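Here is a short briefing on a predicted model. Start with the strands, then turn to the helices and the cores.

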Amino acid sequence: MSATADHAESLAARLGFQSEQVVQEIGYDDDVDQEFRDAVEKLVSELADEDYDDVADAVLLWFRDEDGDLTDALVDATELVEDGALILLLTPKTGRDGYVEASDISEAAETAGLSLAKGLPVGKEWTSTKLVTPKAAKAKR
């Protein structure tokens with residue numbers, strides 16, 4: 001395995017993906033960071049496509065500015081996972097085609113009821129933002 005593949009696999013684990021998870025991938029296109037995607041797929045139990053019809057353990061959401069409404073995409077993603085699950089939002093880096101403003105991400109996450117955590121750069125073209133669905137226990141307090 002190459003050093004960059006090792007790095008991608010390590011990054012996938014640091015971002016919260018774990019073995020035995022079913023991860024639903026949304027927004028896949030030919031511009032995604034294939035090395036990172038392959039690392040996530042190798043690490044988890046299953047990388048399911050957008051048509052997966054069961055509850056996933058996490059969501060890998062590739063999103064570009066021209067993909068529509070980010071809030072809607074995040075709300076839809078929360079319906080695919082259980083409370084407390086990871087949603088990893090991947091957007092093009094600053095200056096790249098499809099770049100999404102950090103303020104837009106923050107606003108969309110808040111509107112969708114997600115907790116925002118710091119992400120990490122993913123490859124040369126993408127950056128990640130970790131989002132977590134609220135846990136049911138918090139809502140019951």
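Strand β1 (residues 22-26) pairs with β3 in the parallel sense, over four bridges. Strand β3 also pairs with strand β4 (residues 81-92), again in the parallel sense, over six bridges.

**Strands and crossover**
- I26 stands opposite L61 in β3.
- W62 has L90 in β4 as its bridge partner.
- From β3, the chain crosses through helix α3 (residues 70-78) to β4. This β-α-β crossover is right-handed.
- Strand β3 (residues 56-62) has six of its seven residues buried, so the rest of the structure largely encloses it.

**Helix α2**
- Helix α2 spans residues 34-43. Its buried residues are F36, R37, A39, V40 and L43.
- Viewed down the axis of α2, the buried residues fall within an arc of 160 degrees, so they line one face of the helix.

**Nonpolar cores**
- The largest nonpolar core has 20 residues. Those with the most contacts inside it are V59, L61, L70, L74, L89, L114 and L131.
- At least two residues of this core come from each of β3, α3, β4 and α4 (102-111).
- Leaving aside residues up to four places away in sequence, L74 touches L61, A108, A109, A112, L114 and L131.
- A second, separate core has 19 residues, including A12, F17, F36 and A58. Of these, F36 is also one of the buried residues of helix α2.

Notes
Residues numbered from 1 in each chain as written. Predicted model: local features only at pLDDT ≥ 70, side-chain atom pairs only at ≥ 80, totals over all residues. Heavy atoms only, no water. Buried < 20%, exposed > 50% of the residue type's maximum accessible area, 1.4 Å probe, protein only. Arc of directions from axis to C-beta. Pairing = 2+ DSSP bridges. Right-handed = clockwise from strand over helix to strand, strands pointing away. Core = buried A, V, L, I, M, F, W, Y, C linked by side-chain atoms within 4.5 Å. Contact = heavy atoms within 4.5 Å.
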